[in-house]
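Hi everyone, thanks for making time today. I'd like to walk you through a structure that may be new to you, so please have a look at the picture first.

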Amino acid sequence: MLTKRTAIGIGVGSVIIALGLASLVIHIGIQTIDVDETFGVGEFTSYRLSAPNHTPQIMNITGDAFDVKLESPADGLQIPLTSHKKQVTLSWVHLADGDTRIEIQNTGNSDLHVEATFQVTIDPILITYDIMVAITGVVVIGLSAGFSIRKPRGF
């Protein structure tokens, strides 16, 4: 027969396992990230995204004046530090697995608006965290099961 503590432990452990497994399923594969940000006068921002081969990326930057620098892996799109006015749309495809680095500096007299859609792979450490959460649920169930064991005399 299960004690009250054991039943609660099994319930809590099951919920922890379910959360870990659900998060693991969500983090597997290519993820789409939508960016919609506004930056004030003189502000600087940078983006670093890791993406697999043949994933399309698109970015639209609107503002009075701004500088953009983009480096993508292998022989992909390379834009040295270049000044732009009004609006620029960047669209590229990753030609190899790797990281793209984008740096944007607002040099104009108005706000800078960045809209982008990136397809990226999630950092592998997040998958490890999800597995650790599921293992924690198993440990909680195991420890709580110990509460229902009949203890021998003298304990």
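Predicted model: local features only at pLDDT ≥ 70, side-chain atom pairs only at ≥ 80, totals over all residues.

Let's begin with Thr100, which you'll find in strand β5, residues 98-106. Is Thr100 buried or exposed? Its relative accessible area is 0%, and buried means under 20%, so Thr100 is buried. Its side chain makes a polar contact of 2.7 Å with the side chain of His94. Setting aside neighbours within four places in sequence, Thr100 also touches a number of other residues, among them Tyr47, Arg48, Leu49 and Trp92.

Several of those names bring us to strand β2. Which way do β2 and β5 run relative to each other? They pair in the antiparallel sense, over eight bridges. In that pairing, Leu49 is the residue opposite Thr100.

Now look along β2 itself. In a regular strand, side chains alternate between the two faces of the sheet. Here Thr45, Tyr47, Leu49 and Ala51 point to one face and are buried.

Tyr47 takes us on to the largest nonpolar core, which has 20 residues. Tyr47 is one of those with the most contacts inside this core, and that group also includes Met59, Leu90, Ile102 and Phe118. Which strands contribute? β1, β2, β3, β4, β5 and β6 each supply at least two residues of the core.

Finally, the charged pairs. How many salt bridges are there? The count is three. One joins the side chains of Asp99 and Arg48, at 3.0 Å from N to O. Asp99 sits in β5 and Arg48 in β2, so this pair ties together parts that are 51 residues apart in sequence. Asp99 is partly exposed at 35% relative accessible area, while Arg48 is exposed at 58%.

Another salt bridge links Glu71 and Lys69, with their closest N and O atoms 3.5 Å apart. Glu71 is partly exposed at 37%, and Lys69 is partly exposed at 28%. There is also one between Arg101 and Glu103, at 3.2 Å from N to O, and Arg101 is partly exposed at 35%.

Technical notes: Residues numbered from 1 in each chain as written. Heavy atoms only, no water. Helix = DSSP H or I, 4+ residues; strand = E, 2+ residues; numbered from the N terminus. Buried < 20%, exposed > 50% of the residue type's maximum accessible area, 1.4 Å probe, protein only. Polar contact = N/O pair within 3.5 Å; in protein donor to acceptor, adjacent residues only side chain to side chain. Contact = heavy atoms within 4.5 Å. Core = buried A, V, L, I, M, F, W, Y, C linked by side-chain atoms within 4.5 Å. Pairing = 2+ DSSP bridges. Salt bridge = Lys/Arg side-chain N within 4 Å of Asp/Glu carboxyl O.
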